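Please look at the sequence and the model together, and follow the places named below one at a time.

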Amino acid sequence: MSSNIFLTLQSGIKKWVQAISASTGASDASKIVMTDASGKLDSTLMPTGVGADTRSVVSSENLAAGDFVNEYDNAGTPTVRKADPANGRPATGYVLSAVTSPANATVYPLGGTTNTGKSGLTIGSLYVLDPATAGAVITAASATLANGNLRQVVGRAVSATALQTVHEDPIEWQAS
């Protein structure tokens, strides 16, 4: 028998019920919950105001897990695309799940959150948006910028796959 099955009493009758790991709303009221594969509760099970600080925003291009993104006004509709310092698009957040446009993306804000969708990071290194690859990062020490590119620090690596983000305004690079 599965470990997520529980014995309960419903209308005076004993029944086996399966726990839920995510909620779809009121239809899941009074159900037993279980943790997900990471041992944590899904954010859909938390009360409003508790959980990850995220926004759901429609994407205008395909996004990969870990991409840094730029939110903008697209004819009155909040929209998200890859952050691109070579095209004047600073990072306003990041995504942890891949999105095929034009689906909604779950955007995590910069500043105190951890982007766990990265790889190949050097622990302790400071990272900036990569002017050569939209949505990506590069170590601050190895970044080279052309006139008009933005330089925006987005965080410091805390592991090979996690970047502790910071919220920092971009600076436009101008060679002297």
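This is a predicted model: local features need pLDDT of at least 70, side-chain atom pairs count only at pLDDT 80 or more; totals for chains, interfaces and linings use all residues.

Residues are numbered from 1 along each chain as its sequence is written, and side-chain values use heavy atoms, with hydrogens and water left out.

Begin with valine 50, which sits in the loop between β2 (13–18) and β3 (55–59); strands here are DSSP runs of E of at least two residues, numbered from the N terminus. Valine 50 is called partly exposed because its relative accessible area is 43%, where buried means under 20%, exposed over 50%, and partly exposed in between, with a 1.4 Å probe and protein chains only. Together with Val33, Leu41 and Met46, Val50 forms a nonpolar patch on the surface, with about 300 Å² of accessible area in total.

The loop between β2 and β3 also holds alanine 26, which counts as exposed because its relative accessibility is 73%. From alanine 26 to aspartate 53 the C-alpha distance is 22 Å, and the two are 27 residues apart in sequence.

Now turn to glycine 117, in the loop between β8 (114–115) and β9 (126–129), which counts as partly exposed because its relative accessibility is 27%. Leaving aside residues up to four places away in sequence, glycine 117 touches Ala65, Gly66, Leu96 and Thr161, where contact means heavy atoms within 4.5 Å. The C-alpha atoms of glycine 117 and alanine 64 are separated by 8.8 Å, although these residues are 53 residues apart along the chain.

Technical notes
Patches are made of residues with over 30% relative accessible area and no salt bridge: like charges are joined within 9 Å, nonpolar side chains (Val, Leu, Ile, Met, Phe, Trp, Tyr) within 5 Å. Accessible areas come from the Shrake-Rupley method with a 1.4 Å probe; for residues, only the protein chains shown count as cover. A salt bridge is a side-chain nitrogen of Lys or Arg within 4 Å of a carboxyl oxygen of Asp or Glu. Helices (H or I, at least four residues) and strands (E, at least two) are DSSP runs, numbered from the N terminus.
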